[in-house]
Amino acid sequence: MRRLWLVVVASLLVAVVPAAAADQQAWTDPRTGAPVLDELEDLFLTTRPSLGPTTVVSLAGTDTAQRMTLRTLQGVVNKTSARMYLIDPGDQGAQPILDAYVARGDVTVVETINAQGALEKFAHEANGYVIYEPAQEWTVHGAAAIASLEGGVVTSAAQVPALEALGLTEIDDVRGRWANNVAAQLDVAATYRDQLPSDAVAVISHGDTMWDFAHQQGVLTMFSRPTDPTWASLSPILTDTPAGSPIYGYIARNDVEEALGVATLSANGLLLVPTDTTRNLSFHVAVGADRPRATVAPPQLDDVDPCVAETVNVVVALTDGDNLNVPLNHFFRPDNWPTARRGDLPIGWSITPSLATLAPGMWDVYVEQATAADELVAIIGIAYAAPALLPDARSFYRQSFATMETLGLSTFWSLGGALDTPTSVYWSTVDEEARPGVPGGILVSYGNGVGEAYYSPAGIPAFTSRSIYDDQPADLEAHVRDVMAMAPEERPLVLFLSAANWRNSARDVIARLAPLADEGVRFLTPAQAAACMPDAPPAPPPAELYRPCLATDPVVQQGLELISAPAANEVRRVPTAVALPATVTATEAVGPGGRIDYQATVAVDMVSFAEEIFETRIHPIIVSGYGSEIADEAWLRVVFDAMGTTFSLPEGTEPIGDPTVASSGEPATATWTSSGLRVSLGRLVGDAQVAPEASTATAPFEVDLAWSVQAATRPDDHVAEVVEDELSFTLDLSIGLSLSGFDLTGGVVADWECESGNRVVAATLVEGTAPPSTSTTTSVPPTTSTSTTLAPTSSTTEPPVTTTTVPPTTSTTTAGPATTAGPTTTGPEGSVGGSVSGPGAAGVLGGSQRPRPNAFGAPPARPGFGAPRAGTPRPAVPVRANPRFAG
């Protein structure tokens with residue numbers, strides 16, 4: 001299998017404990033009252049067979065068509081009692097795993113036979129055969145659906161005489177039934193999916209190895225890839241599957257197809273269970289299923305010394321355990337789990353929590369054989385998905401963390417969660433669904449070439465990897481030595497190194513890195529690394545300027561659904577912090593009925609705004625879903641229409657005359673409404689990562705405003721406050737990617753509504769009437785308005801004002817200064833006569849509503865809508881191919 005995600009893996013302290021009693025290990029879902037492992041069994045399986053005396057079958061000398069017959073026969077035999085175990089030529093993991101089962105007393109092997117012997121022994125258990133045409137591979141899916149329903153096997157015409165000699169008869173012959181691939185697969189799905197017992201779909205080809213499981217469980221099969229011409233026609237077979245269902249098999253031949261495929265499944269709420277190259281899954285589901293699962297003991301962390309920068313602290317682990325072929329084959333090859341070197345260096349073994357459901361006996365083997373240096377790390381969750389794109393990420397994390405708790409796992413390894421930065425808003429769901437100690441630490445992605453140690457907003461330690469997917473043992477050692485050469489203050493507090501299991505055996509990684517311990521390097525498990533981190537610093541309070549906003553329906557999708565569908569889901573459910581930063585000044589004090597003058601400046605920098613959006617929301621999710629190389633070449637365009645805010649009319653005051661507006665750039669208007677002064681900006685365009693010759697971004701500009709009101713006449717002194725409120729806009733958002741020459745663009749258009757800001761931006765003291773009063777005018781001594789930036793006002797004496805009503809008016813200009821005045825002084829924010837100003841939006845598409853601290857406590861810089869962006873370029877990452885293929 002290929003995997004674009006760059007991942008950090010590490011090791012978790014694991015101890016062997018006796019198998020828990022059933023009522024001790026079952027976490028109960030408060031929504032359903034069901035133990036979580038029972039819920040997973042209902043999700044993944046339609047049947048759980050018993051285990052019988054086992055016959056081992058060698059497939060040596062067979063071709064693809066013969067293996068199809070034997071695998072579907074295995075599905076028939078193992079449906080009621082799992083007794084048939086196949087070993088492919090060259091398979092280095094199947095025999096060691098079988099030996100482990102036998103050693104535990106789980107499996108009794110009665111004989112080992114060849115393919116012909118298997119047919120002679122088991123063919124009578126099938127109800128017949130369905131003929132397909134190997135030269136027209138699409139016919140295999142129809143034959144498999146019919147044979148699964150009828151309890152038969154799939155065969156080619158060449159094998160019919162041998163099967164009939166064993167007493168089997170024809171159930172059906174699908175050769176020539178369909179004119180082409182698309183017609184065949186659509187017809188099979190339409191005809192048989194409602195008849196089959198499983199809601200799942202398996203994306204597998206003629207030569208894949210999981211046909212036994214699909215046959216046993218009654219799973220509809222199909223095949224296409226995201227860059228195939230058939231994908232547009234056939235992908236609805238997947239997207240029409242009920243949300244929450246598993247998709248077995250695999251959806252990619254390369255990293256581009258993986259990115260497209262996983263994004264498509266996740267956007268539709270589907271969970272990928274990578275199994276296309278998994279063997280004997282119809283057998284594994286039965287082994288150990290009659291007893292409670294072994295559980296991992298809590299890591300012993302009381303004696304873990306704090307991590308300090310003077311020591312190089314390193315964690316290493318192996319990737320890809322979400323693919324069941326890895327724990328059910330690849331990890332059990334001689335130079336991985338069985339190596340004599342295991343235990344000489346802490347190693348993290350990525351493993352899907354669903355292994356405990358789909359191969360319970362093998363889960364127990366890993367738990368019971370683990371040394372103190374071996375960690376089982378829960379990778380991704382209960383299945384492979386991009387949580388950042390899931391419609392219901394909360395349920396996914398809830399069930400994943402509950403499964404971890406039930407099994408005793410404490411470290412979570414996130415892929416596709418867009419958690420690559422501490423400011424990502426996707427942390428909120430993780431933090432809210434976390435339970436005490438689960439997860440105790442989070443490993444993020446497959447590596448970004450830099451490696452950081454930081455915290456979730458709730459204080460869970462998180463780590464990204466310095467290595468990248470292509471790195472091999474020598475590269476991993478080089479990363480450690482690079483960090484050793486750094487000054488202590490420049491080092492990450494914990495260095496995580498991800499070792500891709502397809503290119504790195506545990507034996508070779510240990511042999512290369514273990515000697516570094518003699519040079520002072522401290523190797524840790526992930527649990528130890530999380531425990532050695534200093535306490536997370538408190539998060540700063542949210543800035544009052546930011547206003548949580550959400551898109552309102554209808555959200556109109558544009559372009560490629562792969563991009564537009566998750567974007568639409570995103571803008572509906574994840575609040576976006578937005579602001580129009582304004583500096584407002586006001587007359588400091590007036591007498592009863594006096595005139596209050598206001599001046600305001602709004603600085604608009606759409607380039608900085610778009611870049612902030614891209615950096616805080618778009619780039620992290622593309623990194624998680626597509627990889628850093630593609631993310632660095634992606635682009636974003638935001639177009640605001642009807643962007644505006646309202647400065648309230650203080651209680652009891654009346655407008656005086658027309659407001660004035662002077663814009664140094666795009667047109668702006670100021671209109672009196674029943675709520676106050678509505679300031680609206682013209683069409684605003686922001687580009688990020690767009691080539692200069694293609695950019696249409698709005699140049700930075702300022703809008704200066706001036707308006708006046710007549711104060712209320714009251715007996716008592718009071719404060720006339722101006723509140724900035726009613727922020728709203730229409731946003732057209734477009735995102736573009738380039739994947740292996742394919743230019744992909746999508747986006748959404750929607751109106752947005754924001755929570756009421758109620759932010760006081762200016763305040764004026766209005767004196768009360770002084771009884772007895774015989775004067776028709778009130779003399780007010782000169783006052784000074786205060787401001788933090790821009791638009792000063794002068795000291796004035798307020799004359800009597802006789803105007804009582806001013807109808808709403810609008811004034812619009814595109815150039816010319818606002819009213820100028822003398823120097824100003826700075827007053828406290830929110831005080832009488834004071835003004836409020838600040839940076840701008842944290843980023844459309846849901847930038848974090850407050851700055852988050854890094855691992856050393858310093859909050860990250862956050863440029864604003866109206867503030868120049870400092871520009872912190874991402875580190876260069878070597879552009880390398882990133883294959884994750886199954887052996």
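Here is a short walk through one arginine and some of the salt bridges in this structure. The model is predicted, so local features need pLDDT of at least 70 and side-chain atom pairs count only at pLDDT 80 or more, while totals for chains, interfaces and linings use all residues. Residues are numbered from 1 along each chain as its sequence is written, and side-chain values use heavy atoms, with hydrogens and water left out.

Let's start at Arg83, which sits in strand β2 (residues 81-87); strands are DSSP runs of E with at least two residues, helices are runs of H or I with at least four, and both are numbered from the N terminus. Arg83 is buried, at 18% relative accessible area (buried is under 20%, exposed over 50%, partly exposed in between, with a 1.4 Å probe and protein chains only). Its neighbours in contact (heavy atoms within 4.5 Å) include Val77, Phe122 and Glu125, leaving aside residues up to four places away in sequence.

Now for the salt bridges: there are 32 of them, each a side-chain nitrogen of Lys or Arg within 4 Å of a carboxyl oxygen of Asp or Glu. Take Glu111 and Lys121, whose closest N and O atoms are 2.6 Å apart. Glu111 belongs to strand β3 (residues 109-113) and Lys121 to helix α5 (residues 115-122), so this pair ties together parts 10 residues apart in sequence. Glu111 is partly exposed at 31%, and Lys121 is partly exposed at 30%.

Further along, Asp553 pairs with Arg572 in a salt bridge at 2.7 Å between the closest N and O atoms. That pair links strand β20 (residues 547-559) with helix α20 (residues 561-573), 19 residues apart. Asp553 is exposed at 57%, whereas Arg572 is partly exposed at 35%.
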